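Here is a short briefing to read alongside the sequence and the model. Please keep both in view as you go through the points.

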Amino acid sequence: MTSGISRRARVLAAAVGTGVLVPLVAAATPAAAAPPAVTCTSAKAGLAAKLKKDITAALATRKGTVAVGLYDRSTNTTCTLRASSAYDSASVVKVTVLATLLWDAKKTNRYLTDRENTLAKAMITKSDNAATSTLWKQLGMTKIKNFLKAAGMTQTTPGANGYWGLTQITVTDEQKLLKLLTAKNAVLSDNSRAYIVKLMGQVVSSQRWGTPYGVPSGVSVAVKNGWLQRSTNGWRVHSVGAFKGGGHDYVMTVLSHGNSTMNYGIATIQALAKVIHKDLAAS
């Protein structure tokens, strides 16, 4: 028994003596990778650096995992953070549902029915889940996937078995959709774009939080938010918005999960939105 203990002790001592043990311990607990950095580019002198600094500062003390997208046509400004990270969509997918409905109707040269208009309005302005489920089922997976393909939204995966809120989305694809809504293109007709933006501008006051926070007066707002709590990654809290006025024409997406509460996620998004609106207004 004594010799067994001695043998283990000798092996341990030899390992320590040769330095073998130290690298093994270090390998077992690698340092956490540095978080991704905000990247910004702009045709406006100094704007990219200002946005990068202020967006980074707004997130510095916030918990959770946040993805950000900004595009301003007027100054050709783009900012991104975790642009290709996937998040459960929650209710922001409702904009995609309406876009799909209008895209499909246009293919057969028809207007939306009164029933579809009623469902669409409830889905966007009040975030009505039952209306969304009805339209999602009516469209079916093939039409939804075909719209995503037409829109170039290659990083979006529709939720299976009717679970539209578990659609996987990224900042990259949400920004693509917002750009389609706010400029002439071959995917959505001008009437379709105007209809979606109009409904996003009529969202009930209790749901107008998020990306519109701190928007300057005289700037139009179109918004759709999403929120969902799950057992993993806590609360998902998202906000997508389109803004026009004050010499700017911009779209913004903020996706987040790992929030302790819904309000915590809202506060994170609004801290970001506030500095973005401020920096663009000052440029």
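The accessible surface of the protein chain comes to about 13,800 Å², with areas taken from the Shrake-Rupley method and a 1.4 Å probe, and only the protein chains shown counting as cover for residues. Carbon and sulfur atoms own 58% of that surface. This is a predicted model, in which local features need pLDDT of at least 70 and side-chain atom pairs count only at pLDDT 80 or more, while totals for chains, interfaces and linings use all residues. Residues are numbered from 1 along each chain as its sequence is written, and side-chain values use heavy atoms, with hydrogens and water left out.

**The chain as a whole**

- The protein chain has nine helices and eight strands; these are DSSP runs numbered from the N terminus, with helices being H or I of at least four residues and strands E of at least two.
- Of its 283 residues, 46% count as buried, meaning under 20% relative accessible area, against over 50% for exposed and in between for partly exposed (1.4 Å probe, protein chains only).
- Among contacts (heavy atoms within 4.5 Å) with a separation of 6 or more, 65% are between residues 24 or more positions apart.

- Strand 2 (residues 65-72) pairs with strand 8 in the antiparallel sense over eight bridges, where pairing requires DSSP to find at least two bridges between the strands; here Val66 stands opposite Ser256.
- Strand 7 (residues 235-245) is also antiparallel to strand 8, over seven bridges, and Ser239 has Val254 as its bridge partner.
- A hairpin is formed by strand 7 and strand 8 with two residues between them, and Gly246 in the turn has a positive phi of about 60°.

**The disulfide**

- The structure holds one disulfide, a term for a pair of cysteine sulfur atoms within 2.5 Å.
- Cys40 and Cys79 are the two partners, with an S to S distance of 2.1 Å.
- This pair links distant parts of the chain, as Cys40 lies in strand 1 (residues 39-41) and Cys79 in strand 3 (residues 77-81), 39 residues apart.
- The torsion about the S-S bond of Cys40 and Cys79 is about 115°, so the disulfide is right-handed.
- Are these cysteines buried or exposed? Both Cys40 and Cys79 are buried.
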